[in-house]
Amino acid sequence: MNILTHWLREYLPALEVSDRQLAEDLTLRGIAVEGVHEVAGGHLFEMDITTNRVDAMNHYGVAREAAAIYNIPLRKLDDECAPANVGAGYPVRIEAADLCGRFTAQIVRNVTIAPSTGIIAERFAQLGQKPISNAVDITNYTWLAMGHPTHVFDLDTLEGSIVVRRAREGEKLRLLDGSEKTLTADDLVVADEKKALALAGVMGGWDSRVTDTTKNILVEAAWFDPAAIRRSSRCHGLHTDASHRFERGADFAAAPVANRYVTHKLVELCSGTPDGPMTDVVIPEVEAKTANRPRIALSSPTVQRLLGTTLDGGEISPVLIEQYLEALGCSLHPASEVGCYEVKLPSWRLDLEREIDLIEEVARVYGYNRFADTLPGFSGGVDSLPHRAQEETIRNTLRAMGWNEVIGSTFASEEDAMLFAAQRTAVPMGNPLNAEAGVLRPTLLSGAASMLAANMHRDVRTARIFELGAVFTGDTQQVQEAQSLSMGAYGSPAASAIVSAKDGLFFEVKGTIEALLAQFELKSVEFRADSLPPWIAPGRGARVLVESKELGAFGELDAAYADRLKARETIVLGEMDAAVLLASPLRVPLVREPSRFQAVERDLSFFFADTVTWDQINSAVHNLHIAELTSVEPREIYRDAKGKAVAIGEYSLLLRVVLQARDRTLREEEVAASIERIITALKELGGRQRA
Amino acid sequence: MSEQIPQLSGHDDATLDQAFAALQKQVRAGAAALSTDEARENFRLAWLGRKQGRLKLISDAWLKTAPVEAKKALGQRFNQLKTAIEAALESGHQASTSAGPGLDITLPGIRRAAGVEHPLTRTMREVVAVFEALGYSVGIGPEVETDFYNFEALNFPPNHPARDTQDTLVIADQEKKPGRERLLMRTHTSPVQIRSMIAQEPPLRLVIPGKVHRNDESDATHSPIFHQVEGLCVDTNITFSDLKGTLDHAMKSLFGSAVKTRFFPSFFPFTEPSADVQISCIFCGGKGCRKCKHSGWIELLGCGMVDPAVFAAVDQRRIELGREPAYGSNISGFAFGMGVERIAMMLYGISDIGLFYSGDLRFLEQFA
């Protein structure tokens, strides 16, 4: 909507600020001026007014705001019109009283229809409003001035009284835009005794329109029910200035003013003569819900308690409260308690219903930025989220080890969801964003897999990603939401002397998981090779159990899945139930003072059959319960595909044993004795010591 | 390079010191020029050669002929000399292999790359930290919500357009349920405010980060999946000026103390009075630039005083659950919310919102 400042100033004779200052002051009060353009005589403001302030979408409405802001007088709109003459004018009958609350009609005879000239033509040109003819332009000018839609009929096309009624099912009506509409009983029409004349509140009819040859006019200004107009406007795909206003609630009290304003202009600019008084039919029940709403209570202590301190020092005074609200059209009647009022609400502000609405108006007109910046006093304690530290630990630990956090879509295709979470049920969306987002993700794996594949296809050489986010299971009646942790990797595994390059990535992920779990106080962590989920290549993954509960699984992506993603290289994926970790206490490091005595390292070299696992070797050594045993670890594992250095079916293991006592330097004989026991234990496992 | 080793003139300490000092001097002189393999080999032969090396000759000439009582003193000095020769050879070797002409310190360092904190996680953490310092607790809630928590209790009227499936993503098969129990993807983190107030009595200060969803078309600046941080402060006598002061402080903490804030009237169903907040452009300081569309201001927040209808809905629910109503007319509060993506895009110069959810490491690794 556009506003001309020179038009605005007609209503504000005492306005002294510049147009630009006016634009800024209005904007800071929620009547936003988006653009200021110079035009002859002043400026054009491009307005952006929220739909709840439909009353301010016209010149008089904006002028009213300015009058309140600057505390200056606002000229009455009907000052220039002839005094009201209400009585039995053209006969009007409202049949649909629930849909039409008020209807005014005025006959104006002997008009001369011609193109508009003078101020209307000038202002239409500046506002980009299309001129039609002087009589029709007057209704549009009235609309621009005060925001109330009006209509002019060619009086000589009417047959009998005006009847406002529901349309008959299938009734035909040709509208001003030339289109012919078939109406339903949901439509409201302005009709005469014989036929429908106009689609009420939306658009006038073709047959009763004012033409170049029109001599006599009937002026209509009415109030229609917002819901009825919205229905008609939607149903027929007609969005007009009139429907825009009526849909959002027009000013009940404005109808007779608008009618007089149009009549006055028809006299002034079309040399017409009013014939008889203006008919004004009012439905009291509707008036009671609009123009005559019950007064509401307002207490200035509440205003002050809610708004707080101003930059002018102190709080908003009752004097200012009265001044602002009166300027906006409220009337304040003192109530029995000091500083309290009964407030009659203006008919054009249907958005005001409660005390808080009035408090907002006070704050708005005073200016939000004229309130001080204060801080509330502190009371109450701070409750930390119970798992906040765990969540941070997961993120920080993974990041420290080179893993990058990703955030994926909350949705997945049903196909992907089932591929990766066959044992779970996925919850379908009622209005999915697209076919790829048909269900709530029951797993983070499908998202991780496609992100990895996408990176691969972008020639990113290595990827380590994790996501900590919600997954959803259950059904459409009951959705379970839980936190999950996914990990995905491909490319350049960490170098190691104990695992082959082919297995490196798996062991890197395993190491990451081990390090992550080591941050938590868990009684036991186990890795198991059996019962792997279908997305893990057979024999190439592990399940993770903590304290004998299933935490998750990880491993190399199965070839069929990899092919689907067109993945060129091995991907390792894993997913863990983050809820278990979030509920576990973090490990508190318990420090043991380092021994002051020297540690002794011994490297032992053995051949073992492939069937002997590290877990067996490790347990065999630990089961000796050698008190001084500090660590035992594999330093190198070697297999010879040619069977020369190491026989096929065997591997060589370089084992490092560290012995250290806390109370003495170990003597050579003690070390030798312990090492001998270890050698014996390993031989019992089938190991042969290398020469 | 065979040469005569002079006879020792005596075996007292002073004589020995003098003789060995002369030899050490020769070692140091030779050690200065050991940058090539050839020079090192010559040096080694000259001193350590098995047959004609000087040490051999010294051993023959001095050690073997020395009287028994002088052997210890001689032997110690002899060993020191040998150590010096070996050290000279070792450092000559190191110098030639590692440096050659010296370190090229312009070569890239060897890095062990840490993983990247997602820019949205990072932004949420930073915003949350500001409010934690003001005594706010962190609140979270489910991403799948009911109509009651997402709309009804937040004073959205029954026919509000936000409830439409054109705006809100809904779970399938909800039609048969009562309206307030219908499941949907939360469209904002505000339901956590309601959940918290139903669970706790005032005073309450909460900062709520989280993922939210709307049925929006994707484009460069809009995504149907995005994140918000909301805040809620409820107590007796919380005022609009407290809201202003809190957000002004928070914006200064986040973007620098020179940042100014500006409040505009706005409309949200769950707050009244409601405001939009702009901050002075952090790029041009308010002078006007491309980033702020030459206005000097950037819109960043929505906020307002908690609408009394929200408190009423909370108390109504508390009564239904058998709790005492606690949000009566003596209670007031404010709430605010901001889009995390918008802040991150502004701070880091990101022009395509889709990058946040792509998992594209070429994008993410820039936050290392």
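Let me begin with chain B, where the domain assignment gives two domains: domain 1 covers 13–99 and domain 2 covers 119–367. Please keep in mind that this is a predicted model. The C-alpha centres of those two domains of chain B are 80 Å apart.

On secondary structure, chain B contains 11 helices and 9 strands. Along the principal axes, the C-alpha atoms of chain B fill a box of roughly 115 × 50 × 45 Å. As for burial, 40% of the 368 residues of chain B count as buried. If we take contacts in chain B between residues at least 6 apart in sequence, 68% of them join residues at least 24 apart.

Now chain A. Here the assignment lists domain 1 (2–75), domain 2 (92–288), domain 3 (296–366), domain 4 (388–582) and domain 5 (600–689). Between the C-alpha centres of domain 4 and domain 5 of chain A there are 35 Å.

Next, the nonpolar cores. The largest one has 247 residues, and the members touching the most others are A:Val189, A:Ala200, A:Ile217, A:Phe224, A:Val362 and A:Leu452. Helix H8 of chain A, residues 254–270, supplies the largest share of this core, with 9 residues. Which residues does A:Leu452 contact, leaving aside neighbours within four places in sequence? They are A:Ala463, A:Ile465, A:Gly488, A:Tyr490 and A:Ile571. Another core, of 10 residues, lies apart from the largest one, and its members include A:Phe606, A:Val621, A:Val657 and A:Leu659.

Key
Residues are numbered from 1 along each chain as its sequence is written. Chains are lettered from A and ligands numbered from 1 in the order in which they are written. This is a predicted model: local features need pLDDT of at least 70, side-chain atom pairs count only at pLDDT 80 or more; totals for chains, interfaces and linings use all residues. Domain bounds come from an automatic or database domain assignment. Helices (H or I, at least four residues) and strands (E, at least two) are DSSP runs, numbered from the N terminus. A residue is buried if 20 or more other C-beta atoms lie within 10 Å of its own, exposed if 12 or fewer, and partly exposed in between; C-beta atoms are placed from the backbone. Two residues are in contact if their C-beta atoms, placed from the backbone, lie within 7 Å. A nonpolar core is a set of buried Ala, Val, Leu, Ile, Met, Phe, Trp, Tyr and Cys residues joined through C-beta atoms within 7 Å.
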